[in-house]
Each structure stands twice: as structure tokens, then as C-alpha cells.
Amino acid sequence: MIIAQYKPTAIAKAPEAISDVINKYTNHNSYVIGYSYPKKGIIPETDIVHQHNKLIETDKKNIIQFHSEPFRVALDATCPKLVIAQYHATLQEYSNCKIVRNPIDLYDEIFFPQYQQDIIRIGYSPSTLKPGSDWADKGYVETVPILNELKEIYKDKIEIDIIIGVPLKECLERKALCNIFIDEVKTTSYHRSGLEAMAMGSATICSIGSSVNKVLLEASGADRNPFINVNCDELKNKLIELIESGLNNVLELGYESRLWMEKYWDPKTIANEYIKIYEKWLD
């Protein structure tokens, strides 16, 4: 089977992630077109077009996956619909969509845990500094002052790395050196950034509401949520608690996060879940 992944915007490179795990862990072929691929079109042999957020006209069979708020996507699409297993899956507008996971290639070298053992490093990499909507808010305004305050308290006993405005490769390389990583503590959902951090063996903080927690557990088949679940009002005290617990405890939490990802977020399993969806629609 040949699958085209169409992306109208960057979408955090999620279409590339899906394409990569399909190519690596299955016998099928996937490629990406659209945003940042201006000269690349749908090849004639393509069996199905996996569209992301919006539709491009094609004579192939289509399926669409939603990654963003309802007002940003083609809700009126008539093809089969998917939605990522994050807060989106709790919204009424996406109630008729099949829930799917955002794959992380745990066995790519970039995600191998580093387990830095000289000092506690706390990382934070917000994709936006200003809220775009209630859901597109990474809590930058609330989080950074807390991190700066902790740096003043603990001086050279900790390191703070706020990762913004850098290429993805650099971002991932710096994240891999963090013992503690903050996804975000403003909304009630986790994101790809948090999954990446757990894959890297970081103790990962994120505020997750009960409905999103339910989606996460059902999608993964796990019986517990691996994130350190606190909101912005609780962040400072939780970070102090983690720092005071010592580096060995933080490393253990990160190690458990990596084990959870290996057991419940396996990239080969997720790749084959997408293949089954395609095959069902092509039958």
C-alpha cells in the first residue's frame, strides 16, 4: 500500500512522524506532501490520501485526521475521520471520529535516554509564547517566572533550559539532557512534546484533566497516567518537591516514564493501527 500524508501547515511534524513509523515498522510506503513540500504532489500509484486538518482535492480515497481546534479544520469532510488522543478527543465536534495516537519513534537515536547524572536539569519548550486560544496556551507567562525564581533559590544546584526559537533537531537534543521536563500546566491536555520527553526518560510534568486522562488510558491500554499531573498553581511546589527529593529519585521517575512509553506507546503497534484503518477503508 502507498499512502500520501497531506499537511496544510506544520502540525508539529505529526504527519512526518506517522509516515516515518509506517515506513520503518511496516511493509507499506508513506510519504508527505503539502506544507514545506511545495514541489511534491500525489504520485499516481498512491492508494489512499491521509489528510491532516484540511482537505486537498484528489481522485484517491481519503481519510482525514484532526490535530487542532474545530475552527481550524475541515469539520464538514465526508470521508472517515480520525482525531488525536489528546484534548481534541473530548470535544463534541469530534465525537464522530476514531481516536488515534501520535507516534513517537522511541527507538530512533534522538529519543534514547541520556540520564544526565551531574545536576538536575529542568527543561521547558513552549511552542507559543502568547495564547492563541483557550487550548493553544502553553502557560509561558506563568511558567517562566517560576523557573527563574527556582534558579535564584537553588543557584548552581539546578539548571534551567527554556528552549524556544530553535530548529527541531536542537530542541530535541537539548530536551534529551533534561531530567525534568514541563510539557505545559495551563490547559488540561498533554501534547507531543510531553510524549517526546517521556520517551527520553525525563520526569515529565503536565496538567491533565479527568476527561483527557480517560482518553489517554483508553488509547494506550494503560492503567495509570505517567505524567506528573499538576497545574500552574501547583507547579512551584511540585518542582521544589522534586528537587529536594534528589537527583536519584528524579532519574528513577524518568526511567519509569521511558518504560511506560515502551510498553504502552510502542511505535510499531501504532504504525500498524494506522495500517488497519487504511485497509478497512480500502476494502
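Helix 8 (267-282) gives the most to the lining of the second largest pocket, with five residues. Helices (H or I, at least four residues) and strands (E, at least two) are DSSP runs, numbered from the N terminus. The model is predicted: local features need pLDDT of at least 70, side-chain atom pairs count only at pLDDT 80 or more, and totals for chains, interfaces and linings use all residues. Residues are numbered from 1 along each chain as its sequence is written, and side-chain values use heavy atoms, with hydrogens and water left out.

**Second largest pocket**

- About 170 Å³ of space lies in this pocket. On a 1 Å grid over the protein atoms alone, a pocket is an open set of points with protein on both sides within 12 Å along at least five of seven lines, whereas a cavity is a set of points where a 1.4 Å probe fits but cannot get out; lining residues have an atom within 4 Å of a point.
- Grid points are joined across faces, edges and corners, and a volume is the space filled by probe spheres set on the points.
- The lining consists of Ile 63, Pro 80, Leu 82, Lys 98, Glu 273, Lys 276, Ile 277, Lys 280 and Trp 281.
- Five of these residues are nonpolar, four are charged and none is polar. Ala, Val, Leu, Ile, Met, Phe, Trp, Tyr, Cys and Pro count as nonpolar, Asp, Glu, Lys and Arg as charged, and the others, Gly among them, as polar.

- The largest pocket holds about 1,600 Å³ of space. Of its 50 lining residues, Ile 11, Ala 12, Lys 13, Ser 127 and Arg 192 are the closest to its centre.
- Helix 1, helix 3 (168-175) and helix 4 each give two or more residues to the lining of the largest pocket, and helix 1 gives the most, with five.
- That lining has 23 nonpolar, 13 polar and 14 charged residues.
- The structure holds one cavity of 30 Å³ or more, and the largest cavity has a volume of about 50 Å³.
- Among the residues lining the largest cavity are Gln 114, Tyr 115, Met 200 and Val 250. The lining divides into six nonpolar, four polar and no charged residues.

**Nonpolar cores**

- The largest nonpolar core has 50 residues, and Tyr 190, Met 261, Trp 265 and Tyr 278 have the most contacts inside it. Such a core is a set of buried Ala, Val, Leu, Ile, Met, Phe, Trp, Tyr and Cys residues joined through side-chain atoms within 4.5 Å.
- Helix 8 supplies the largest share of this core, six residues.
- Leaving aside neighbours within four places in sequence, Tyr 190 is in contact (heavy atoms within 4.5 Å) with residues including Ala 85, Leu 195, Phe 227 and Trp 265.

**Helix 5**

- Val 212, Val 215, Leu 216, Leu 217 and Ser 220 of helix 5 are buried. Buried means under 20% relative accessible area (1.4 Å probe, protein chains only).
- The buried residues of helix 5 pack against strand 6 (98-100) and helix 7.
- Gly 221 follows helix 5 and has a positive phi, near 80°.

**Whole chain**

- The chain has eight helices and ten strands, and buried residues make up 53% of its 283 residues.
- The radius of gyration is 19 Å, which agrees with the value near 19 Å for a compact globule of 283 residues. This radius is taken over C-alpha atoms, and the globule rule is 2.2 Å times the number of residues to the power 0.38.
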